[in-house]
Amino acid sequence: MGIIAWILIGLLAGIIAKALMPGRDPGGIIITMLIGIAGGLLGGWLGKVIFGVDSIDGFFDLSTWIAAIVGSLILLALYRAFTGNRRHA
């Protein structure tokens, strides 16, 4: 897959992760998109390391989307854990 496909999957995975974990985040839509892109990469890497599968087969493969969404959920939870307790002045 090309870099444009990765960015697109990451953006959509970030939106889906945000829908699955609703709530107020300290960042806006840009942070959600960046978390989605990084989450897609994290999910693909975790799928390969933990399960030994190539979860990055193609744009329309279910395993690619599941890996990207799970990675995005993990990063979104970590982001909320580190930044959610801060108060804005």
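These questions and answers concern helix 3 and two of its residues, serine 72 and isoleucine 66.

The model is predicted: local features need pLDDT of at least 70, side-chain atom pairs count only at pLDDT 80 or more, and totals for chains, interfaces and linings use all residues. Residues are numbered from 1 along each chain as its sequence is written, and side-chain values use heavy atoms, without hydrogens and water.

Me: Why is serine 72 called buried?
Reply: Buried means under 20% relative accessible area, with a 1.4 Å probe and protein chains only. Serine 72 has 1% relative accessibility, so it counts as buried. It lies in helix 3, residues 62-83.

Me: Which residues does serine 72 contact, leaving aside its neighbours within four places in sequence?
Reply: Contact means heavy atoms within 4.5 Å. On that basis serine 72 touches Ala13, Gly14, Ala17, Ile35, Gly36, Gly39 and Gly40.

Me: What makes isoleucine 66 partly exposed rather than buried?
Reply: Partly exposed lies between the buried limit and the exposed one, which is over 50%. Isoleucine 66 has 46% relative accessibility, so it is partly exposed. This residue is also in helix 3.

Me: Which residues of helix 3 are buried?
Reply: They are Thr64, Trp65, Ala67, Ala68, Ile69, Gly71, Ser72, Leu76, Arg80 and Thr83.

Note on methods. Helices (H or I, at least four residues) and strands (E, at least two) are DSSP runs, numbered from the N terminus.
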